[in-house]
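Me: Could we go through this structure together? I would like to take it one topic at a time.

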Amino acid sequence: MIVYVSNAESRAISVLRLTATGELIPLSATDVGGKVMPLAVAPDRRYLYAGLRSEPYEVVVLTIDRASGELRVVSRNPLPDNMAYLATDRSGRYLLGASYTGGRIAVCPIDGAAVGAAVAVVATPPHAHSIVADPSNRHLLVGALGGDVILRYRFDEGLVHGEPTATPTKSGAGPRHIVFHPNGRVVFVSNELDGTVNGYLFDAGVLTETASASVLPPGHASAWTSDLHITPDGRYLYVADRNSSTLAGFRVDGATGGLEPIGYTPTETRPRGFAIDPGGRYLVVAGQLSGQVTSYAIGGDGALRAVGRCRVGDDPNWVEIVDLAS
């Protein structure tokens, strides 16, 4: 398995090998010529899309060597704004972007190794911080941090239709990142400002909140919550908080969206981004201030055990893991 880590201040993407025992082995670093932050992997794992948050705002498309995992820049494509988040739709035909500074989302067509001009640019409440397509690829969910709202747009052939359905969060929560349970019927949202994670039932595009839990360990009152991911089997959810430099773990009820806390793991300083490998065995987290990444083995009870650590670059902030054998 190969781990990709974007390093904003180094302006490069680190390439690491994740071994069968969880060790991290540095392979190379690919210069992308700008402040690289959000990453997205094509569904067919042939391309990596890297968003630059320094001007000119671009997405750099890199090919993934299926034998070695090494990267090669093949195109540079303008984006309509400074994108804090990138993802592909479920088909891999469109690149989705959310602009925190611009308060808008964009949909750009993907044509082979190039990303075209946006076919849809839509204004949102302040600080759009994520955009995710649902498993049916008929809806887009957007976390608008400054508006304390989760937006649901109808999506078809790259077009965003009509006014969104808005699901408000608690005032001051600051919804940031969104992840679907593998069954597609439950959604979890990390709230940056109040240090909580919410669970929702997702039925025909309608979100119904069913659970909310704190991600802050005892003794920490100030939140700066960031990323969240769920294991491929849907049993465990993890949420990162930058102020406490911890990962909070939860046992998940896939039928109701329920959340049962299972503990807090101290981790790299200021963990902005992390990822879980496709097999669900390991979690890899990057520390913005440490310049390091740590790998953890995920136990049968959801507990995390550190098994590897290595230096990457300056301001590491986003992690993607690709299984080249699948």
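Me: Is H127 buried or exposed, or partly exposed?
Reply: In this predicted model, H127 is partly exposed, with a relative accessible area of 29%.

Me: Where does H127 lie?
Reply: H127 lies in the loop that runs between strand 12 (120-123) and strand 13 (128-133).

Me: And what is its phi?
Reply: The phi of H127 is positive, about 65 degrees, although the residue is not a glycine.

Me: What about the phi of R45?
Reply: R45 also is a residue other than glycine with a positive phi, in this case near 65 degrees. R45 is located in the loop between strand 4 (36-41) and strand 5. With a relative accessible area of 23%, R45 is partly exposed.

Me: Staying with the backbone, which residues does the cis peptide bond at P56 join?
Reply: The cis bond joins E55 and P56, and its omega is about -5 degrees. P56 belongs to the loop between strand 5 (47-52) and strand 6 (58-64).

Me: How many bridges join strand 13 to strand 14?
Reply: Five bridges join strand 13 to strand 14 (residues 139-144), and the two strands run antiparallel. One of the partners in strand 14 is L140, which is bridged to A133.

Me: What holds such strands together in general?
Reply: Strands of a sheet pair through backbone hydrogen bonds, in a parallel or an antiparallel manner.

Me: Changing topic: how much space lies in the largest pocket?
Reply: The largest pocket holds about 1300 Å³ of space.

Me: How many residues line the largest pocket, and which lie nearest its centre?
Reply: The lining consists of 40 residues, and V41, R90, V179, H229 and E320 lie nearest the centre. Several elements give two or more residues to this lining: strand 4, strand 8 (85-88), strand 13, strand 17 (175-180), strand 21 (225-230), strand 25 (271-276) and strand 29 (316-322).

Me: Which strand gives the largest share?
Reply: Strand 29 does, with five residues in the lining of the largest pocket.

Me: What is that lining like by class?
Reply: The lining of the largest pocket has 26 nonpolar residues, together with seven polar and seven charged ones.

Me: How far is R272 from V41?
Reply: Their C-alpha atoms are separated by 18 Å, while the two residues are 231 positions apart along the chain.

Me: On to charges. How many salt bridges does a search of the whole structure find?
Reply: The search finds nine salt bridges. Among them is the pair of E58 and R76, whose side chains meet at 3.4 Å, N to O. This pair links distant parts of the chain, with E58 in strand 6 and R76 in strand 7 (residues 71-78), 18 residues apart.

Me: Which residue forms a salt bridge with E260?
Reply: E260 forms a salt bridge with R251, with the closest N and O atoms 3.2 Å apart. E260 is partly exposed at 43% relative accessibility, and R251 is partly exposed at 30%.

Me: And which residue does R311 meet?
Reply: R311 meets D314 in a salt bridge of 2.6 Å, N to O. R311 is partly exposed at 43% relative accessibility, and D314 is partly exposed at 39%.

Me: Which residues are joined into one network by shared partners?
Reply: Salt bridges that share partners join R176, E192 and R242 into one network.

Definitions and conventions:
Residues are numbered from 1 along each chain as its sequence is written. This is a predicted model: local features need pLDDT of at least 70, side-chain atom pairs count only at pLDDT 80 or more; totals for chains, interfaces and linings use all residues. Side-chain values use heavy atoms; hydrogens and water are left out. Helices (H or I, at least four residues) and strands (E, at least two) are DSSP runs, numbered from the N terminus. Buried means under 20% relative accessible area, exposed over 50%, partly exposed in between (1.4 Å probe, protein chains only). On a 1 Å grid over the protein atoms alone, a cavity is a set of points where a 1.4 Å probe fits but cannot get out, and a pocket is an open set with protein on both sides within 12 Å along at least five of seven lines; lining residues have an atom within 4 Å of a point. Grid points are joined across faces, edges and corners, and a volume is the space filled by probe spheres set on the points. Ala, Val, Leu, Ile, Met, Phe, Trp, Tyr, Cys and Pro count as nonpolar, Asp, Glu, Lys and Arg as charged, and the others, Gly among them, as polar. A salt bridge is a side-chain nitrogen of Lys or Arg within 4 Å of a carboxyl oxygen of Asp or Glu. Two strands pair if DSSP finds at least two bridges between them.
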